[in-house]
Every structure is written in structure tokens, then in C-alpha cells.
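Hello,

Here is the structure I promised to pass on to you. Have a look at it first, and then read on for what turned up.

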Amino acid sequence: MSVITRDEAQHRAQLLDVHRYTVELDLTTGDETFDSRTVIRFTARTAGDTFVELKPARLRTVTLDGQPLDPETLDGNRLPLRDLTAGEHELRVDAAMRYSRTGEGMHRFTDPTDGETYVYTQMFLDDVQRVFAAFDQPDLKSVFELTVTAPDGWSVLANGITEHLGQGRWQAAPTPLISTYLVAVAAGPWHSLRTEHRGLPFGIHCRRSLAPHLDADAEEILDVTRACFDRYHEKFEEPYPFDSYDQAFVPEFNSGAMENPGLVTFRDEYVFRSAVTDTERQTRAMVIAHEMAHMWFGDLVTLKWWDDIWLNESFAEYMGYQTTLEATRFTQPWVEFGVARKAWGYDADQRPSTHPVAPEAVDDTAAALLNFDGISYAKGASALRQLVAWLGEKNFLAGINIHFERHRFANATLADFIDSLAAATDRDVHAWADAWLRTTGVDTLSPRIAAADGTCALTVDRTGSRPHRVTVGLYDHDLTDEGRLTPREHISLDVPQTAPQPIGKRPALTLINDADLTYAKIRFDDESFEAVRTGLSGLPDPLTRAVVWNALRDAVRDGELPPTAYLEAARTHLPLETDLALAQGVLAFAAHQITDRYLRPEDRPAALATLSSLCRDLLRRTEDGDNPGLRLIAVRHFIDVAAHPDTIAAWLADDTVPGGPELDPELRWRILGRLAVLGATDEDAIAAELERDPSASGQEGAATCRAALPDPQAKRAAWDAMFATDDLSNYLFTATARGFWQPEQADLVRAYVPRYYQDAVTTAARRGPAIAAAAGHWAFPHHAVDAENLALGEACLREAEPVAALRRKLVDELDDLARALRVRGE
């Protein structure tokens, strides 16, 4: 058995107290494996049997209390420890471990730009056993002391301050008590920038080929880091609990980032090598704030078992956005949350795979890994935002600080968290938790206005069961500009109400959840919808507009608003939009969901033309250079929806968009990818572009372009690369998958749709969870919105027994496919 169950973990936690890991890693033994020597000192409270986990390439020797154990007793990833006596024990394990190309365990990457090699660990959720032997569960915290032998010219980063001992040996300071999944090492010829803040060493690191780009943004990254660090010390009574704070931007990272104490690892796309919008910079700042929040919630106080993963992620998600708002120059992080992250939560919560924010039935680690989704992040953060609105921020933070004091360097459960909050307030937090954290689905809130004696009263009707504290915005038409909506009043209501709320004369727009403080789908009455249709862009607050756009989005997905009506709203109002997150979010939904999926193929050309026209308007509006971020968004989306190659091919030939911007690598690959889809480029052009940009990003761009060529041989080569071999890294697999399926090429790839379900199942089983997830999402035939694809997928779920990570992705994708068919009326 490769996973551990909750029952097994509880039994082992009752039996063992783990004191210290002493780990020696030797990274000089070749390209395929590294040496791992581990000493674990632990106490057995009573006599009994247990096991330690590891996944070696070769297990050389094992000794327990000086006595050799037979390496042949290793069963899968479990090495049994039988007949333990009560008392102190010492386990020694010597093994060779495999490097990973999928972002799991010890990932190894060679930079095609300069040939330099880097390795880093990603131990989450249960991948420490790919690096060293461990009792791999979060509630067996221990001290970790690491020594790493690395090639000459490399530096080594770890959870604690590292010291070079000479001859390639690096010693990391012992950690405080932390969980196995939080141990981290990153080694290679890093480009490092170091400073100090509040007496602690701070550092940022990336591979050498990205050094100029990190240097260009170093001041911004470090300013955000320092500002968030200071703000958390204002919020939290417990000081930062580790000896240093390093942030390493690492290649081919599967997640956005990972909260390893003292050594946060980020995907190195956050080192921007091409132009980005200010919203993308804001997102990077939010991720920095999110991961830093984990130093307290997740690292200092850690979940006891994976059913409480929301305690980590929801808290960090909420704190990340709120602290970005409070501590940095970015003023609208909650708009981006509303239009992007929250939509992720709404979508996840309406699929068959939905689960409570705090589920009760996470029986093993395979099931736990599936819950890192829009519910654990976005819905949970939304629930906490609603909790703060209901409880008050002062009481919320008081409860958090009680929680840190009670459980520092230990483990805690949902019940512990709720008890800590309850200690800071007279409100019934336990009832709130039952209603919000133990239930599934999205409530729907609708306005009902009754008129009598020349005045109106508002009732908010609720479909669902949760209590909501909401702000209702009442808007009137501007007397001097009929297309503009001006706020009359904002009313705070508790739903369900005890009585209708008097509101005076009927407003033009009644907007429930105006401040976006709760988690619910919003509907409009007829008068409000008409006001939105004509006056959406005239609403003064971008967060208000985000709530409206989300309501329109939900209405399309629920079959209550025609997809063309959403496109009409975008065509009318987006040329006047000023918020970059909103512009990006609306265009992305309009292109990738409405145009590519919700409209029938015969209606797609007209939709592409509408979006092209919209982007041209944005380009004309930004010709004076006063909004480069909006112009960049318009350029990107104009490329993506181009139905004819002439304009974008001319941009590529001239290496610039008329009036700017000049084309950077990201835009050049984007254009070449669209030209490949349209059959307006070839392998020679792709090879020439790759010679111009041989970076890792260039390799990914070339993989996408080659897979997108409308040529049977190119499709066959891409398919074999994904499913017939194991040569592709996690990033190159995803890049290839992104290029393969195209709506314009439905006839060409039709025969691959049934093959997908067969080949994805075997590849996922062979290559592990990361590739399984990529195969289930990126390689899924999204373009094939038809009953045949749905039937093939449902048969796969019934008959093929896909691994858990693939099954979850297929369940979600097939539900989205069924929804698209319903929206189409098919």
C-alpha cells in the first residue's frame, strides 16, 4: 500500500514520539540518483509494530538499534519495524533515491540556456519518502538536521541557515519541530540576493539565466516581503518562528508556491522575463503574503490530519489577499480574488466532486491530495472573509492569537480552531462552523422588492441553508448621465431576515453582496438586470463590477442567460473598463468558455469576430500609452482569438505591435502558437524561434507550437511524446497538451478522442499523481463538446479504474462538459 490511512496514522502517532532526523544527502553521484542516509531517533511508548516509509532506487542497508534489518522486507514504500520494545530507538537507513522530472520529491532540472543543473525538493503531501526515510505524517513533528554534499560551484539552501563546511559539504541549522512534508532543500549554482530585516537573514534566489530579471524586480519583491513581514507582526503576537527567510524561484514547480519554513519555493514564472500587467505583479505579491502567512498557520501550528487542510490553505488565502491590501501598494487584490479565485471555488462547489471546506471523510493521503482545489482555497477563504464580517476583525485576530499560543510547534484540528475563536467572542462560532464548513454547494441570493404606499421594502430570498451577512447596494440612474449608476445607499443585512428592509423608492439596481463579503451566487430582478445591461461600466467601484460580472457568469453557466448576452455585455462595457483583473477575467471567460465551449461551432466565428473587435477598441483606447497593462491584455487576447493570420503575422515579422509594445519572448511564442493553429507557420519557423529563445520557456513554447500544427505527423509525434514515452517533464507534458487540441482542428484530431481515455489511464498509473493531474486537465479534449465524448468519459470512469488523481480530474472535466452541453441546449 503506497498511501497511509487516517487510522494507520492515528495508531502510529499513539505509538511513537519522533525526536530527531539526521539526514545526509549526496548530490554528486550522477544524473539519475542521489545518496540518502538517514538516522531517526524516536521513542516507542509501548511495545508494538509499525513501519517507516521510503521509495528508494536501491535500499542498501537498514539497522535498528545497531541490528541489521533485511532490505528485502521493504514492501512497496513500507519498511516494517516489528517487535519494537517500549523505549528509545535509533533507525539508520542508507539508500540511493531517484531524481524526479515531475516536480515530486527531489526534482532535477538542467537549464537549456546555459546547461546549469538545479535540484530542489517538493515533499508535499507525502513525497518526503522519495528523498529520505521518514514516518511520513503531519502530526509526528520532529527536529531535522540536514547535511548536503553538492558539486563544486553550487550553493545549498534549506529550512535553516546553511554553512559551507568545505569540499562541497553544506550543513543546515537544525529546525524547530516541524512536519515531514515541510522539510526543504534547494541546491544549484543559484543567483542569490541577500539582505537582513529585523535581524533575520532574508534572501531571494533563482537560476542564473534568470538573474537579470530577478535583479530588475528585486526591490519590489523584497519591499513586499518586508512589508508583509511587518504587518504580520502587527497582527500576530507570536513572532516569526524560524531563523531566516529565503524565497527560491525554482523551475518546473507544480504549484504556485510551497510554504516550507524558512525556504519558500515559488514557480519561477514569478521571475518575469517578459512584460506583465500590474495585476500579475499584485498576484505575485499576494503569493508572497500567502506563503508567509503559512509560517504561522501551517508551519508553527500544523494540521493533525489532512481533513483539516483548509486550516492551512483557507487561512493563508484570506490573509494573503487581506495583507496585500493592507501592506503593499496594490489596492484591489479582492477584485482579482472575486473575478478569478472565487469563480474557481464556485465552479468546484457545483461539481459531483465537491466536498465541505472541512470534510470529515479524508480516509487516506490519496484522497487528501484531491482536496487541494477551489474549495479548500477560494471557498474557504471566502468563508473566513464572511466570518470576519460577522465576527469582527478584532475578535477574529484575538481568536487566531489564542490558537497560536495554545498550539505553537504542535498540531491542531478544526475543533481546536473553533474553540480558540469561541474564546474571543460571545457569538456561536460552533454553529457558524457547522453551517459554513460542514456543508457543500453554493447558496443563491435574490432580491424581492415589494411596493406599498409609494415606498419599497427589500427581502433577500435565499436558496440554500447558510446564514449570510451581506451588504446590499442601492443604485440610481445618474440624472445627468442615464448610462451611469450612482450609489444611493449601502445596507448591511443578515440573511435570512427577520423582516423586510425598507428602502424608499425603487432603485434602478439592487445589488446583493455589493462588497463581495459572502460566498453565494447573486441574481437580479428584472429592473436591476436592465440597469446592469446598460450601465455596468458606469458603476464606480471595481469590486462592485466584479460582483456583477460574476453574477452574469454564473447565470450563463446555469443556463439562465444566453452566452451571446454575456458577449454583448463584454462588447458594450469592457472597452470602458479600467481594472486590469476585470478586463482579463471577462475576456478569458468570453474566449475560453463561451466562444470555445458554450457556443455551437457554427456560432464560433461570429464570437471570435466580436472579441477581435472588442480587443481592437481596447488597442485604440490605449494608443497614448497611459494604460500599458490594459494594452498588453488586449494584445494577448487579440492574438488568442485571431481567426486570420495576416495581422499577427505582420506583428511577428516586424517584432512589434504598431504603437507598441515591442514583442518580448512571451508574445512571440503566443503569436507563433496561434499561427500554428491556423496553419500559417511550420516547423522551420518554430525551430528558428527556438534558436532565438533556447530557454526553458522557449522549449515549452516550441512544444506547444509543434503540437498545434494542423498536420497528422505533428499530431502523432505530440501524442507519442505525451503518452508513449516518459521523456517529457511535467512542464513539457503540459505545454504539449496545451497545443494538441484545438477547436479549429476538430476533424483532424477526432480519432484521438477515444484514444485519450485509454492512454491517459495507463500513463497516469505509470507516471504518478502530477502527470495524472496534467493528463486529466491539460490533455483532456475540451474542444469536443458532444455526447460521444461524454459517453466515452463516463465509460472510462465505470470500467477503466483510473488512479485517484486522474479520476478526480475526469469527474470534473466531464461535469463541465455536461454543463456545456446543457448551456448549448443539447
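Leaving aside neighbours within four places in sequence, which residues is Y756 in contact with? Before the answer, please keep in mind that this is a predicted model. The contacts of Y756 are W719, F723, W741, A775, G776, A779, F780, P781, L806 and L810.

Y756 also has a place in the largest nonpolar core, which has 278 residues. Within this core, Y756 and F396 touch the most other members. Helix 14 (residues 580–598) provides the largest share of the core, with 11 residues.

Now please turn to strand 9, which spans residues 117–122. Six of its six residues are buried, so strand 9 is largely enclosed by the rest of the structure. You can check this face by face: T117, V119 and T121 lie on one side, Y118, Y120 and Q122 lie on the other, and all of them are buried.

What does strand 9 pair with? One partner is strand 8 (residues 105–110), in the antiparallel sense and over six bridges. Here F109 stands opposite Y118 of strand 9. Strand 8 and strand 9 form a hairpin with six residues between the strands, and in this hairpin G115 takes a positive phi near 80°.

Strand 9 is also joined to strand 14 (residues 185–188) by two bridges, and these strands run antiparallel. To find this pairing on your screen, look for V119, which stands opposite A187 in strand 14.

Enjoy exploring, and send me any questions you have!

Best wishes

Definitions and conventions. Residues numbered from 1 in each chain as written. Predicted model: local features only at pLDDT ≥ 70, side-chain atom pairs only at ≥ 80, totals over all residues. Heavy atoms only, no water. Core = buried A, V, L, I, M, F, W, Y, C linked by side-chain atoms within 4.5 Å. Buried < 20%, exposed > 50% of the residue type's maximum accessible area, 1.4 Å probe, protein only. Helix = DSSP H or I, 4+ residues; strand = E, 2+ residues; numbered from the N terminus. Contact = heavy atoms within 4.5 Å. Pairing = 2+ DSSP bridges.
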